[in-house]
Amino acid sequence: MKQQQVHIALLGNPNSGKSSLFNVLTGLKQKVGNFPGVTVDKKSGQSKISTALTANIIDLPGTYSLYPRRSDEWVAYHVMMNPGSTEKPELYVLIVDASNLKRNLLFASQVIDLKKPVVIALTMMDIASKKGLSIDVQGLERELGVPVIPVNPRKDKGISELKKAIDQTARQLYKPPSRNFIEASDLSQAAIDDVKKIFPRISDYAAVHYLIHHESFALDAPMQDTIEDIERKHSFNHTKVQAEEITQRYARIRHIMQQTVVETDPREKQLATDRLDRILLHRVWGYIILLGVLGILFQSIFWLAQYPMDAIEWIFGEWSSWLAGVLPQNWFGDLIVNGVVAGLGGIVVFIPQIMILFGLITILEDTGYMARISFLTDKLMRKVGLNGKSVMPMISSFACAVPAIMSTRNIENKKERLLTIMIAPLMSCSARLPVYIILISLVIPNTFYLGFISLHGLVMTGLYLLGVVMALVVSYVMKWFIRIKEKSFFILELPVYRAPRWKNVLVIMVEKAKIFVFEAGRVILVISLILWALSTYGPPKRMNAVEVHYEQLALQQPNNAGELEEEKRTALLENSYVGILGKAIEPAIKPLGYDWKIGIALITSFAAREVFVGTMATIYSVGGNADENDLTLREKMSAATWTNGAKIYTLAAGVSLMVFYVFAMQCMSTLAIVKRETRSWKWPLIQLLYMTGLAYVLSLLAYNLLK
């Protein structure tokens with residue numbers, strides 16, 4: 001039997017169980033991308049509905065009504081209404097939360113009145129029962145005129161019945177209801193009739209939306225003018241019509257609920273969720289618990305990622321050693337080992353952090369606690385131009401700014417989303433840790449207070465807090481310059497607490513890792529190859545002169561071959577294009593206490609900040625793996641001096657360098673992601689300039705205060 005293919009869109013209010021149903025229907029056969037023209041996540045997947053029917057299912061963003069306010073609500077609206085939309089579902093599955101039936105039926109009734117094929121999946125029946133509500137499903141189906149199927153995606157209940165209803169609806173055994181939920185023609189009969197003369201196939205209610213939102217539809221200029229003329233001709237009042245429509249709908253919804261819903265206990269039962277919220281949203285304990293949760297999250301990212309990251313580094317180290325032994329000792333072998341393999345390692349080594357980060361965030365979202373974090377922090381965030389939804393991207397940035405910036409997509413307000421993107425890199429990511437560790441051990445005394453409070457630990461904590469405080473300050477200043485006038489609505493429904501869906505957690509982890517590898521990973525690899533070339537090659541005359549000089553020294557000092565080889569590598573690096581650049585910028589960075597070698601590390605750190613340690617190891621002629629020779633590297637750096645004999649790594653220079661790494665935008669992959677998310681080079685360039693300027697000024701201040 002030939003398989004029929006149908007396109008299905010999942011619709012529903014936020015937190016109605018839509019994502020759970022999507023995951024059950026599609027399993028692991030999912031794709032994540034963007035809706036055309038917008039950076040709102042688009043999830044789609046294949047599902048076998050019956051032996052004769054397969055479906056491509058699109059999970060549309062949650063929305064409360066057909067009058068959108070947020071960018072993600074506009075996405076769902078355009079898919080349903082816009083004749084120019086590239087997404088054209090043939091059938092809609094409407095997810096309705098039985099425990100919040102009155103609110104959910106508003107959106108459901110609007111979709112039904114569009115006269116499109118609809119199947120309703122009634123979720124949260126268990127929660128409704130706990131609230132003391134009994135719903136007559138058959139009666140509800142008669143009143144709405146479309147199939148209503150109770151489902152519980154988490155327990156895989158009702159899924160086969162839902163698929164049967166979808167199959168029958170797709171094969172036109174069910175028809176859109178002949179009766180309107182409300183008589184939309186009564187809202188403005190003459191104007192609706194005129195619109196339907198132009199678009200004869202649309203419903204009366206769809207005609208109302210053509211009158212209200214036609215400017216956002218992909219219609220040509222003459223058609224837009226025609227609809228404008230109809231509005232003027234009939235004095236069509238958008239606000240009045242919308243208000244009348246909502247009033248009529250709620251009147252009908254009240255009638256339906258009286259007929260189909262029985263409240264067994266007039267006093268609504270207090271759920272476990274309510275009891276938990278008394279503690280978790282408490283004005284004192286709520287914040288203490290929040291700090292504890294964030295602390296556990298923060299520590300877990302590093303603790304859990306350490307082992308797979310160490311394994312990846314070991315694998316790539318062994319791979320590099322093996323390739324170095326089998327490949328020819330020429331430019332090609334060097335390119336493969338120190339360019340391609342090193343670049344791939346720089347990409348793959350971040351995957352554990354990204355997967356663990358998004359896995360933990362998904363668990364917080366699935367359990368319902370993520371919404372509470374946003375609720376608790378909204379007041380502070382608003383004072384600096386952000387809102388509660390900015391908190392999790394900021395926390396995510398402690399692991400890596402790349403996935404954190406990607407996660408800002410759930411911030412509806414454009415200005416608040418942009419502000420969050422602009423300050424996210426100020427959080428100290430894990431790539432800064434190697435820099436902090438080696439510099440703290442170099443210039444900060446290893447002393448303890450009260451016998452157990454380490455000065456090293458206090459300085460490390462201070463560096464992280466410095467980034468957070470400056471991020472809030474920058475956001476407060478920037479909010480006056482970003483001229484996006486858009487009202488901010490922090491409308492947040494607190495979902496019930498539930499156990500996480502582990503299969504869903506796994507799917508999200510894999511998808512986010514894939515996005516990072518194939519989007520940001522390409523940029524990291526390209527930059528790594530460019531840096532390899534710039535540090536391997538230099539002006540031929542200068543490089544040849546170094547070669548000749550050390551050949552002569554090798555003849556004169558045959559017993560010092562190993563030491564001369566290390567010195568030769570350093571000299572070649574100094575005379576490479578990167579080394580020349582380091583010397584060129586030394587006058588600019590010398591006021592901060594840095595020499596040309598630190599300048600090279602600042603440049604190479606643009607590929608990844610942790611490259612600082614590896615660059616230092618090469619420059620100071622320390623053979624082998626930098627991580628295995630930290631002590632030797634620290635000793636070499638500690639002994640480094642200026643030409644006048646003064647130490648380079650003093651307390652002032654070390655603190656200055658740490659402050660620089662707190663604020664400087666030294667991450668090309670972050671800039672690439674900012675460009676991708678903002679769809680412009682304007683904002684990453686502004687980010688690069690303001691963060692570099694901030695790093696320079698504050699490092700200069702720190703150096704001069706401490707020297």
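Mentor: Start with the handedness: helix α8 passes helix α10 in a left-handed crossing. On the α8 side, the contact is made by Tyr-205, Val-208, Leu-211 and Ile-212, and on the α10 side by His-238, Val-241, Glu-245 and Arg-249. Sorted by class, the residues of this contact of α8 with α10 are 5 nonpolar, 1 polar and 2 charged. Keep in mind throughout that the model is predicted.

Now the geometry. Two packed helices are described by the angle between their axes and by the distance between the axes. Here α8 covers residues 204-213 and α10 covers residues 238-260; their axes come within 10 Å and cross at roughly 150 degrees. Angles over 145 degrees count as roughly antiparallel, and α8 is therefore roughly antiparallel to α10.

A second pair can be read in the same terms. The axes of α25 (residues 596-604) and α28 (residues 651-663) come within 13 Å, with a crossing angle of roughly 15 degrees. These two helices are therefore roughly parallel to each other, and α25 passes α28 in a right-handed crossing. From α25, the residues Ile-598, Ala-601 and Leu-602 meet Leu-657, Phe-660 and Tyr-661 of α28. This contact of α25 with α28 divides into 6 nonpolar residues, with no polar and no charged ones.

Next, a strand. Strand β1 (residues 4-12) runs parallel to β4 and is joined to it by 7 bridges. One such link is between Gln-5 and Thr-54, its bridge partner in β4.

Finally, the setting for these parts. The secondary structure of the protein comes to 30 helices and 11 strands. Of its 707 residues, 54% count as buried. Among contacts between residues at least 6 apart in sequence, 73% join residues at least 24 apart.

How values were computed:
Residues numbered from 1 in each chain as written. Predicted model: local features only at pLDDT ≥ 70, side-chain atom pairs only at ≥ 80, totals over all residues. Heavy atoms only, no water. Axes fitted to C-alpha atoms, helices over the stretch in contact; angles between N-to-C directions. Helix = DSSP H or I, 4+ residues; strand = E, 2+ residues; numbered from the N terminus. Parallel < 35°, antiparallel > 145°, perpendicular 65-115°, else oblique. Left-handed = near helix turned anticlockwise from the far one by under 90°. Contact = heavy atoms within 4.5 Å. Nonpolar A, V, L, I, M, F, W, Y, C, P; charged D, E, K, R; others polar. Pairing = 2+ DSSP bridges. Buried < 20%, exposed > 50% of the residue type's maximum accessible area, 1.4 Å probe, protein only.
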